[in-house]
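Thanks for making time for this.

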Amino acid sequence: MTRTYTLRRRAEQQAQTRLRIVEAAVALHGSVGPALTTLSMVAERAGVQRHTLYAHFPDERSLYLACSGLTLERDPLPEAASWRTIEDRRERLRAGLLAVYGWYERNHALAACVLRDAEHHALTREIVEQRLGPPMAAWQEVLGTRLGARQRAVLKLALSFFSWRTLVCESGLKPAAAVDVMVRAVCGET
């Protein structure tokens, strides 16, 4: 009985330590960015020794996968499949962009740092492509149904985090107004 209790308690402590390490890394990725985050910084912020960090994460890749996994578990990316049932093209675009822009709003600081670093940091780019690539491709496929080549190009612009940031954060549009601007642009309206 005592051994089972001790093992269970040890497993719980290990899980808590692992979570503390991942949360520390996510916080650093959202403030300084993954490219500038060192394992020493993560260990210090998590309150563990480096050897403890390495016991849970033998390399940066495994830590990055855990970080992106936790982030997407806590706030999953919008599912494109739910938009497929919306027949009206404009309403489908509006629903999709509202969902995507809502996710960007909730994850602004982290997304800004990660997407910035993905442009020049190979590991960050790999994880972004792995985690965000398939959902973004699904967004483009579902929202791009019955659109011409130019409209699909504008849709790609509309789905970009950087476009959202320009419209909402830098230009001061409300999210619904930003969505309206992009729906009109995709549909070729002025």
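This is a predicted model: local features need pLDDT of at least 70, side-chain atom pairs count only at pLDDT 80 or more; totals for chains, interfaces and linings use all residues.

Residues are numbered from 1 along each chain as its sequence is written, and side-chain values use heavy atoms, with hydrogens and water left out.

Staying with D117, this residue is found in helix α6, residues 108–118, where helices (H or I, at least four residues) and strands (E, at least two) are DSSP runs numbered from the N terminus. D117 is buried, with a relative accessible area of 2%; buried here means under 20% relative accessible area, exposed means over 50%, and partly exposed is in between, with a 1.4 Å probe and protein chains only. Leaving aside neighbours within four places in sequence, D117 is in contact with V32, G33, P34, A35, L36 and T124, contact meaning heavy atoms within 4.5 Å.

Now the chain as a whole. The protein chain has ten helices and zero strands, and its C-alpha trace spans about 70 × 40 × 25 Å along the principal axes. Of the 190 residues in the chain, 40% are buried, and among contacts between residues at least 6 apart in sequence, 73% join residues at least 24 apart.

Let me turn to the aromatic residues. A pair of aromatic rings is described by the distance of the centres and the angle of the planes. Rings of Phe, Tyr and Trp (its six-membered ring) pair if their centres lie within 6.5 Å, with planes under 30 degrees apart counted as stacked, over 60 as edge-to-face and the rest as tilted. By this rule the count comes to six aromatic pairs. The rings of W103 and Y104 have centres 6.2 Å apart and planes at 70°, so this pair is edge-to-face. The rings of Y104 and W164 have centres 6.1 Å apart and planes at 55°, so that pair is tilted. Because Y104 lies in helix α5 (residues 89–106) and W164 in helix α9 (residues 161–170), the pair ties together parts that are 60 residues apart in sequence. W103 is buried at 7% relative accessible area, Y104 at 3% and W164 at 0%. Ring pairs link Y101, W103, Y104, F161, F162 and W164 into a cluster.

How do the helices pack around these residues? The axes of α6 and α9 come within 11 Å and cross at roughly 135°, axes being lines fitted to C-alpha atoms, for helices over the stretch in contact, with angles running from 0 to 180 degrees between N-to-C directions. That makes α6 oblique to α9, given that angles under 35 degrees count as roughly parallel, over 145 as roughly antiparallel, 65 to 115 as roughly perpendicular and the rest as oblique. In this packing H108, A111, A112, L115 and R116 in α6 meet F161, F162, W164, R165 and C169 in α9.

By comparison, α5 and helix α8 (residues 149–159) pack at an angle of about 30°, with axes 10 Å apart, and are therefore roughly parallel to each other. The contact is made by R89, L93, L97, V100, Y101 and Y104 of α5 and Q151, L155, A158 and L159 of α8.

W139, which is found in helix α7, is buried at 1% relative accessibility. Not counting residues up to four places away in sequence, W139 touches L77, P78, A80, W83, V100, Y104, G144 and L159.

Finally, a point about the backbone. Most residues other than glycine have a negative phi. Phi of R146, however, is near 65°, a positive value in a residue other than glycine. R146 lies in the loop between α7 (122–143) and α8, and is exposed, with a relative accessible area of 54%.
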